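This briefing sets out the domains, ligand surroundings, helix packing and backbone details of one protein structure. Please read it alongside the sequence and the model.

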Amino acid sequence: MTVRVGVIGAGMIGTEHIRRLTHVLNGAAVVAVTDVDPARAAEVAAGVPGARVLATGKDVIADDAVDAVVVTSWGPTHEEYVLASVAAGKPVFCEKPLATTREACRRILDAEEAAGRRFVMVGFMRRYDASYRALKAALAEGGLGAPLMVHCAHRNATVPSLYTSDMAINDTSVHEIDIVRWLLDEEIVAARVLRPRRNSRAAPHLVDPLVVMLEMAGGALVDVEVSVNIGYGYDIRCEVVAEGGTAALAEAGGVVVRSGGRWGGAVPADWRERFLRAYDVELQDWVDAVAGGTTTGPTAWDGYAATVVADACLEALRTGERVGVSLGERPALYGLVAS
Ligand code: NAD
Ligand code: NAI
Ligand code: ISE
């Protein structure tokens, strides 16, 4: 079976996902594309044999030729399209964040509960990255003992001019919020945010860098450096310090060159390059699940949890205080542990 996919949002990542659905993955065809910028949608759809341009996201979801939906428009639009997909009974892959407020995510959980099944997968692609998977396997193997601390860095070379300080939390560090829940298999219970000396290269409206501190339910502490004007490239770091040893992501890039009395390697330019394979594996998993009539990957609960923690971090950024996180009860539909 070929899964006929409709894509809402033909921006940077929408274009990337359309390319991989069309040219890299098996079992999917992009049949409909929309964007609030119709010229953008037309330009992207022109490169995809058989893809039609539709006027709105609602049209894509309602279209009889669309079996499943990919939402890659910007965050504040996600709720509307995810709820409409669930109402139409169509599987939906939604880029992070699931939605930008706790209440909006709650409405999505309620919609899935009312339907009695899951339709949503959230695009937390790091769970599909080979190095993060090896890190989780090293922890699960047990020899290192209980995790005590996690040191993370999330560095972007630059960010677009429309990027705001809030996005450092809910668009950027949201990946760490998700991945530490997944790595340690427990929820986050409190957050703090510290403001180091400003990077003078950052736009005047930006607080950059930031340090996000997260407290895990089991007592481990997580620190996340978020730097979005680091210049030298896209650098994602994660080291878990456990009772009897440490485990960390290896350098990305895969080759170390020694020459002229020096050694070194390439730093990825951006998220497209660093997580290229992870996005492929993630979306193939989604396509296979849709074809098989099942669900997979990060759930709406994971999207909800990440947004609730991001909200706490935003409050901590504003107030300078420690902010507690309360998720409420996890509905049975989403199992017992971080999925
Ligand atoms: P973008 O601005 O490049 O693209 C978004 C596109 O959506 C634009 O073309 C815009 O015109 C269109 N759009 C906006 N509202 C729309 C609507 N209501 N209906 C249809 N189209 C609409 O943004 P991007 O960088 O591609 O990011 C898109 C999403 O992907 C965001 O949620 C972002 O957080 C996520 N993202 C995730 C990763 C990741 O690493 N997982 C990386 C980049 C972006
Ligand atoms: P972008 O700004 O490049 O693209 C967004 C697109 O959505 C634009 O083309 C815009 O015109 C369109 N759009 C906005 N509102 C729309 C609407 N109502 N209907 C149709 N189209 C609409 O943004 P980008 O970087 O592609 O990010 C999009 C989403 O992907 C965001 O949620 C972002 O967080 C996520 N993302 C995820 C990444 C990841 O690593 N998983 C990486 C980059 C983005
Ligand atoms: C972007 O939306 C992403 O998701 C990238 O992975 C992240 O590194 C970047 O900071 C975000 O803006």
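**Ligand surroundings**

The shell around ligand 2 comprises 9 nonpolar, 10 polar and 6 charged residues. The structure is a predicted model. The points below treat the ligands, then the domains, then a helix pair and finally some details of the backbone.

*Ligand 2*
- Ligand 2 is surrounded by 25 residues, of which the closest are Gly9, Gly11, Met12, Ser73 and Glu95.
- Helix H1 provides the largest share of the shell around ligand 2, namely 3 residues.

*Ligand 1*
- Around ligand 1 there are 25 residues, with Gly9, Gly11, Ile13, Ser73 and Glu95 the closest.
- By class, the shell around ligand 1 has 9 nonpolar, 10 polar and 6 charged residues.
- The element that gives the most to the shell around ligand 1 is helix H1 (residues 12-24), with 3 residues.

*Ligand 3*
- The residues that surround ligand 3 are Asn156, Asp171, Thr172, His175 and Trp271.
- Helix H7 (residues 165-184) contributes 3 residues, the largest share of the shell around ligand 3.
- The shell around ligand 3 is made up of 1 nonpolar, 3 polar and 1 charged residue.

**Domains and annotations**

*Domain assignment*
- The domain assignment divides the protein into domain 1 (3-125 + 277-298) and domain 2 (128-269 + 304-334).
- A distance of 26 Å separates the C-alpha centres of domain 1 and domain 2.
- In the contact between them, 22 residues come from domain 1 and 15 residues from domain 2.
- On the side of domain 1 that touches domain 2, H5 and helix H9 (276-291) each supply at least two residues.
- H5 gives the most to that side of domain 1, with 6 residues.
- The residues on the side of domain 1 that touches domain 2 comprise 10 nonpolar, 3 polar and 9 charged.

*UniProt record*
- An unreviewed UniProt entry lists residues 3-124 as "domain: Gfo/Idh/MocA-like oxidoreductase N-terminal".
- Residues 3-124 are 43% helix and 20% strand, and the end C-alpha atoms of this span lie 21 Å apart.
- The UniProt annotation "domain: Gfo/Idh/MocA-like oxidoreductase C-terminal", also from an unreviewed entry, covers residues 136-324.
- Residues 136-324 are 34% helix and 26% strand, with end C-alpha atoms 26 Å apart.

**Packing of H4 and H5**

- Helix H4 (residues 78-88) packs with helix H5 (residues 102-115) at an angle of about 5°, and their axes are 10 Å apart.
- Because angles under 35 degrees count as roughly parallel, H4 is roughly parallel to H5.
- The contact of H4 with H5 has 7 nonpolar, no polar and 3 charged residues.

**Backbone details**

*Cis peptide bonds*
- The peptide bond from Lys96 to Pro97 is cis, and its omega is near -5°.
- Pro97 is located in the loop between strand S5 (92-94) and H5.
- Asp208 and Pro209 are joined by a cis peptide bond with omega of about 5°.
- Pro209 lies in the loop between strand S8 (188-194) and strand S9 (210-216).

*Positive phi*
- Asp185, a residue other than glycine, has a positive phi near 55°.
- Asp185 is placed in the loop between H7 and S8.

Methods. Residues are numbered from 1 along each chain as its sequence is written. Chains are lettered from A and ligands numbered from 1 in the order in which they are written. This is a predicted model: local features need pLDDT of at least 70, side-chain atom pairs count only at pLDDT 80 or more; totals for chains, interfaces and linings use all residues. Axes are lines fitted to C-alpha atoms, for helices over the stretch in contact, and angles run from 0 to 180 degrees between N-to-C directions. Helices (H or I, at least four residues) and strands (E, at least two) are DSSP runs, numbered from the N terminus. Angles under 35 degrees count as roughly parallel, over 145 as roughly antiparallel, 65 to 115 as roughly perpendicular and the rest as oblique. Ala, Val, Leu, Ile, Met, Phe, Trp, Tyr, Cys and Pro count as nonpolar, Asp, Glu, Lys and Arg as charged, and the others, Gly among them, as polar. A residue is near a molecule or strand if its C-beta atom, placed from the backbone, lies within 6 Å of it. Domain bounds come from an automatic or database domain assignment. Two residues are in contact if their C-beta atoms, placed from the backbone, lie within 7 Å. UniProt positions are given in the numbering used here, feature names are shortened, and annotations may be inferred rather than shown by experiment.
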